[in-house]
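Please look at the sequence and the model first.

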Amino acid sequence: MHDLVAITALGGAAPRVDTVGPVTFTEVPDVALTSVAARLGQEAKAREALANVIGAPAPDIQRIAGGEKTAFWSGPDQWMVEAPYNGHHDLADQVKAAVGNTASVTEQTDAWVRFDLRGDGIPSVLELLSQLDLRCLSSGTAARCSIHHVGCYLLCRDANHYSIYGPRSSAGSLHHAVLTSMRSVY
Amino acid sequence: MTQVNRLTGGQIDRNSTLNFYFDGRSYTAHPGDTLASALLANNVRLIGRSFKYHRPRGLLTAGSEEPNGMVELRAGARKEPNTRATTIEMFDGLIANAQNRWPSLRFDALAVNDMFSNFLSAGFYYKTFMWPAAFWEKLYEPIIRRAAGLGSLSMQADPDEYDKGFRHCDLLIIGAGPAGLMAALTAGRAGADVILADEDFTLGGRLNSETFSVGDHSAPDWAAQAVAELSAMPNVRLMPRTTVIGAFDHGIYGAVERTGDHLPSLPTGKPRQILWRIYSQKALLCAGATERPIAFENNDRPGIMTASALRTYVNRFAVTASPRVAIFTNNDDGHRTASDLHAKGVKIAAVVDVREDAPLSYDYEVLKGAQVVNTKGRLGLSFVEVALPDGSTRTLDCGALGVSGGWNANVHLTCHQRGRPVWNEALAAFVPGENLPVGMSVAGSANGVMSTHGALRSGAEAAAAVLDLTTLPDLPEAEDAPIALKPFWYVQGCKRAWVDQQNDVTVKDVKLSYQEGFRSVEHLKRYTTLGMATDQGKTSNITGLAIMAEVAGKSIPETGTTIFRPPYTPVPIGAFAGRMTGKEFHPTRLTPSHHWAKERGAVFVEAGNWLRAQWFPLPGETHWRESVDREVRQTRASVGVCDCTTLGKIDVQGTDAAAFLNRVYANGFAKLAVGKTRYGLMLREDGMVMDDGTAARLAEDHFVVTTTTANAVSVYRHMEFVRQCLFPDMDVQLISTTDGWAQYAVAGPNSRKLLQKIVDPEFDISNEAFPFMACGKITVCGGLRARLFRISFSGELAFEIAVPSRYGDALMRRLMIEGKEFDVTPYGTEALSVMRIEKGHPVGNELNGTTTALNLGLGKMVSKKKDSIGSVLCERKALIAHDVLKLVGLKPVNPEEKITAGGHLMNTDGPVDSAHDQGYVTSAAYSPNLNSNIGLGLLKRGDARMGEKMRLVSPLTALTVEVEIVSAHFIDPEGERLRA
């Protein structure tokens, strides 16, 4: 076991939590992430393999699916797979072992920062941040968007729980943008 | 002063009294007032001075079309010039000042301009200040600018915050008058997602200004009830205080919501305004209509306003502009104003109607077939002179005159995509044409339907049509008067009759424009400034056009109409900026070692969005060069560490990954062994160098490509283009991993020794096991996953080590601790740059988009054995001519002298001009190893001119330095160190 201590994307030892009005905004470092992209001609097999990994059919366009490991659609025959960091710090290797040569798998855990929004009235905050039609972003959907010029994924887990994935290096700017909007609304 | 002009009734809250200040004096008002209504209530008619002639001016309207009643709102940094008093919602403590007056509003010294009005007619400046040309910029323009113009800027940064936001709807309804409300009720009840936006703070539009009933209610009550019903619908969003400013492509509308302008002070963090981008499936324009004035002699005195404005002030705000009022009209609507005012106890001096068949009244005198020919009163209206049909004149004693020349449909948004309105003879006005923005329809008076019942009906019908509804809701009974109007634009024979009061344009100016050949309406606008500035001619454009048509002997539609452009009303620049201001102007990217570097006191530099450590000053170092020289010396003598996470990393996988890279890179990659890294050169299709970097082969089907920091995004985009569009049959997958790995260069003769202290013992990184250009997956510090690359940018024995980003901070701290025994130093981008110049590595300065591989001394890298992007076009004749630029090193003959990047190279003898230019300097630095300034440059036939002396010149800065041409590889040209 190595002896290096991780810091969060915002630079803290512990994840940052902010609550403004009914919305709580949390940095979520305990998540492992990996990309899965089907190899040419292997698309059907890759879907099948991914389904085995997440225990649910591979999600279609804009959808999220799975159990402990979940996957969300990120492009044609491409997905991101999420899992709790504990037990999955080598998620990419685990997924690669499962999908074999049907797909290319790339570790994405620390390429992204995840922030979660929980509470009532989250769309009022998000409409100041994202051009997405939030009416279409129902429970179990995910979409790519730009938040203050930072390319992100926005996931609606349910009406009171959204996740934002943004580039880890821009965590500070993204955090500032979301928190500013929360303070603007509430 | 008490509110002497306040009447009974109205939609103001008399239970509360607000204090405000205008031009230094204190007044009172009530919630529900605008600044304009409050000023009138306090008998203040004089509000400002005009643009050019500094004539006393008051209010013309009661809405956002106001050309005259403009003030400087608020004080200090929040001061906002040219703010329309008619749209300012009253709040306690409001401060406003008159503008364009000196020394005072009542006595303005520059009113002397008015006496010279014969000289200051349209085109005066163009004709007068012709020569000497040099005087224009330095003398004339500053003087003119000081004298003209309206409000002044605070010259301070805007302290308020603004948001931007995005909303989506099935139906956007623009305007909440009778048509808009009825449309919203129809669509809302049908379950559609509706946004109803209106610029006013009270929804209802003209309904709030009228006394007639709608159904069983008064007009304002019906509006309030409709608003209450809409508020209760979850599928309807009401956006009061929101101006839709533009109609853009694909059903997108811009809208400015004034969330904080009506508050005495903004709560912390709250925006003053929000600029919304509204994505609509369909849009319904219910923007209403604007009453237009008639031009006559001295029609600009404070107290003269549109008749409908007088009616609004009386009915909605319970304020009369004066106890004694006259009306000048060409249509029946003017009579409605007279009747409403009379009912409220305002004395009607007379109704002057240009029509011989004007209706009579039992309550006041109507002068049929008469015209207002002049007015009197020094700082406000006192008398109106009327010419009667029998040729006699009569003087009316009145403090206000309501003028009605008919109504213009507010067609602006229908024209934002070059739609042209069409002329409607009955209304004598333009109405929307056929070619509306996609998805837009128009209802109510904006579409020329001027009666209340007509507006309600057309709103319901338009909403039903948009939503394919088969039944219409029951419509309430309402006023349905026909249009009775005689087109009448201006009174003949007047000398100074104002058409555009905001820009001081008279009837005569329009005629002069025609006479001098500026006959197109677009030329008229530019020549006279008619229709420019904050009001965009909402009350003047059509009148100007009518005069032009008459002079030209054409009809108005033949004469044309100016195009309307966004924004509909002025928008603060801050609203366009939103939150992207100051430090948040663009997103910032931080490296994994940022927090540690900050603790060390690093000086940061922006590299794209990244913040990179530029150097790490130590106590006692007073100049950046001391820090940088030390970092370079320490690295070359022992070991240094630099965060190079910012270099783009692209994960390339797939069975065709090697074949793919073989296409993308000019040099060969097909045979690169697993566990090896290769320097690669990427060309653009036109043969110019796009970027350089490395590709490390981690497996048969897995590479990691690195790019320069600056080109990380563009290279990734290029590779995706190549993958998706050029070689869709290749099995290759790409994804960025730039942020995922903290990557540090560990460079210097002791770099291996340092790394051996942290790399887990099962990994042999000796020169034999891990030679130059090796790469592999390893673990460090007892099991942390890492990647190691033996590559060198500095020219020293060097490695790049990568760990998951969350451990980057800890790894840097560990390297510093473990490196103490080697006197390790962190180094920043400056030292990095010095060392790469010493080594002769080209970077962005050299890969500047105009250079080929041949220019950079890398011509042999372009493989002839395969086809790759750019390999053909880099062989174009001119690019391989014998005298093309070649990369060289530069040293000053006198080592004390500087090499200046951007300077040009000239032969020792001969002229210094572009015809004799031999090349230019791309990079320069002081080399602490060579104790000399050095540089890199591109020189014609450079490779054949080693040892030659040249002049480095910069004629703009009078620089001439004698330099010697040397090899670009100042340090270790044989590359022994990096292979050690």
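## Domains of chain A

Chain A is divided into domain 1 (17-29 + 111-185) and domain 2 (31-109), with bounds that come from an automatic or database domain assignment. The model is predicted: local features need pLDDT of at least 70, side-chain atom pairs count only at pLDDT 80 or more, and totals for chains, interfaces and linings use all residues. Residues are numbered from 1 along each chain as its sequence is written, while chains are lettered from A and ligands numbered from 1 in the order in which they are written.

The C-alpha centres of domain 1 of chain A and domain 2 of chain A are 23 Å apart. Their contact (C-beta atoms, placed from the backbone, within 7 Å) takes 9 residues from domain 1 of chain A and 8 residues from domain 2 of chain A.

## Contact between the chains

Between the chains, 40 residues of chain A are in contact with 42 residues of chain B. On the side of chain B that touches chain A, β8(B) provides the largest share, 5 residues; strands are DSSP runs (E, at least two residues), numbered from the N terminus.

That side of chain B consists of 13 nonpolar, 15 polar and 14 charged residues. Here Ala, Val, Leu, Ile, Met, Phe, Trp, Tyr, Cys and Pro count as nonpolar, Asp, Glu, Lys and Arg as charged, and the others, Gly among them, as polar.

## A residue of chain B

Leaving aside neighbours within four places in sequence, I174(B) is in contact with residues including A197(B), V244(B), L284(B) and L413(B).

Notes:
Two residues are in contact if their C-beta atoms, placed from the backbone, lie within 7 Å. Helices (H or I, at least four residues) and strands (E, at least two) are DSSP runs, numbered from the N terminus.
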